[in-house]
Amino acid sequence: MIFILKKYKIGNYTLDKYQTKIIKSNRKIIQVIAGAGSGKTLTLTAKIKYLIQRGMNPNEILCITFTKAAALSLQNKLEKENIKIKVHTFHSLSYNLIKNHYPNNLVNINVLNEIIEKHLEKININDYTYQTKNNSKNNLKETINRFITLFKSNNYKKEKFKEFSKINKETNDYYKYSKHNNFLKLTKKIYLDYQKYLIKNNNIDFSDMINLGINVINKYGIYPYKYIIIDEYQDISKNKCELIKEIIKKTNAKLLVVGDDWQSIYSFTGSNLEVFTNFKKYFPHTKRYYLKNTYRNSKQLLNITSKFIKQNPNQLSKKLLSIKENNKPIKIYYYKDNINKPLTHIIEKLKDKETLILGRNNKDEIKNLPKNVKFLTIHKSKGLEADNVIIINLTDENNSLPSKQIVNEFLKYVVQIKDDYPFSEERRLFYVALTRTKNDVYLLVPENNPSIFVEELINKHKNKIEINSKFL
């Protein structure tokens with residue numbers, strides 16, 4: 001079947017039929033499910049221009065995204081269209097709301113860990129952990145830090161610990177009950193000490209900024225916005241969702257959110273995938289639209305990556321389309337001892353092309369790269385694209401891809417949805433890496449210890465992948 005891409009004109013914009021429907025829609029609540037490289041920024045820019053051309057004051061449009069870089073990028077694109085709109089991050093919006101009502105000095109990010117460490121000095125680690133290879137104070141410290149971050153990003157108060165204790169009492173396993181009971185008591189003490197420190201020092205953290213913003217809107221109201229547009233909505237947390245609901249309650253504004261649950265990779269900062277996948281629970285009477293055409297990846301790459309990501313059960317199903325052809329877009333280069341040989345060979349081969357080298361962690365960074373080649377972690381690459389992509393650290397080790405760091409079961413109290421399919425978020429992370437390319441993606445893989453994700457791709461798509469063994 002031949003896929004023909006029809007185009008439509010709205011003002012100066014050339015758009016596909018899916019983009020056009022969204023821009024012309026007058027529905028009060030719109031959720032847009034956008035595939036990787038499907039032109040969502042163009043859609044948002046055209047939507048804003050469309051609203052202004054139909055008489056809306058730019059000041060009545062509240063535009064929000066999640067990072068400073070994304071906000072600046074969208075604002076620059078709007079300015080090129082002669083649209084003067086301030087694009088906020090959730091935190092810049094909340095800071096402006098609370099600055100005249102609450103303390104707004106951000107706490108040093110090390111404070112929580114310092115408080116945790118003081119408490120951990122006084123305990124017997126075996127009372128709090130299971131007999132596993134991750135049975136360490138470091139692992140417990142990370143779990144408590146993440147628990148408190150998620151606790152606050154859900155806008156929970158200290159009384160919530162009573163509810164957690166009741167849930168724990170329902171277990172029939174005394175050994176498990178005891179471990180959870182000890183963990184909850186310890187974490188409550190640390191949480192309360194942390195909150196005392198914040199109050200005493202007139203400090204707030206990022207979660208407080210959002211939670212206090214909700215309080216300010218509730219008490220004092222907010223500028224009478226008529227339309228709210230939010231990008232990267234798959235990164236939303238529970239309290240940021242509450243903030244938006246509070247704004248709509250006060251202003252009766254319309255809402256359009258854009259996101260891709262297949263690219264949800266920030267649960268460690270409090271993002272909650274269920275708020276996106278179950279959007280209608282939070283905003284009834286939602287009209288859902290899909291951006292199906294991708295302008296970045298070939299149809300062959302889409303075929304492989306879509307099947308790979310769909311292994312995760314708690315995600316929305318979508319079909320992505322492309323008119324681009326590339327017979328074998330994934331190229332696996334095996335090496336024996338030295339990754340530099342295949343890496344140098346590929347960089348030399350792609351020397352005139354813009355190339356991204358992606359690693360799982362900061363420690364994977366490769367320095368002194370030639371012009372047109374840039375290293376980023378996969379997390380920092382989200383939203384970007386390049387002519388070609390090289391992925392490294394594809395070993396079967398704890399800190400590679402997928403990372404084997406076990407998500408501790410103590411977090412079940414503060415995570416809204418059971419996302420317990422093996423390596424579900426790591427799978428999304430690999431999907432993000434694979435879909436940054438406009439052309440080819442090169443996987444550099446050690447022959448004697450390959451990533452389980454690479455093995456899976458070969459087992460399921462061997463005849464669609466180019467495999468190179470000349471560096472063995």
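1. Helices α4 and α9 cross in a left-handed sense, that is, with the near helix turned anticlockwise from the far one by less than a right angle, clockwise being right-handed. Helices here are DSSP runs of H or I of at least four residues, and strands are E runs of at least two, numbered from the N terminus. The model is predicted, so local features need pLDDT of at least 70 and side-chain atom pairs pLDDT 80 or more, while totals for chains, interfaces and linings use all residues. Residues are numbered from 1 along each chain as its sequence is written, and side-chain values use heavy atoms, without hydrogens and water.

2. The axes of α4 (residues 90-98) and α9 (residues 206-220) come within 8 Å and cross at roughly 50°. Axes are lines fitted to C-alpha atoms over the stretch in contact, with angles from 0 to 180 degrees between N-to-C directions.

3. From α4, F90, H91, S94, Y95, L97 and I98 meet F206, M209, I210, L212, G213, V216 and I217 of α9; contact means heavy atoms within 4.5 Å.

4. D231 lies in the loop between β8 (227-230) and α10 (238-251). At 8% relative accessibility, D231 is buried (under 20% relative accessible area, 1.4 Å probe, protein chains only).

5. Beyond its neighbours within four places in sequence, D231 is in contact with K40, L44, I64, T65, F66 and V258. The D231 side chain makes a polar contact with that of K40 at 2.9 Å (N or O atoms within 3.5 Å, one able to donate a hydrogen and the other to accept it; residues adjacent in sequence count only if both atoms are side-chain atoms).

Note on methods. Buried < 20%, exposed > 50% of the residue type's maximum accessible area, 1.4 Å probe, protein only.
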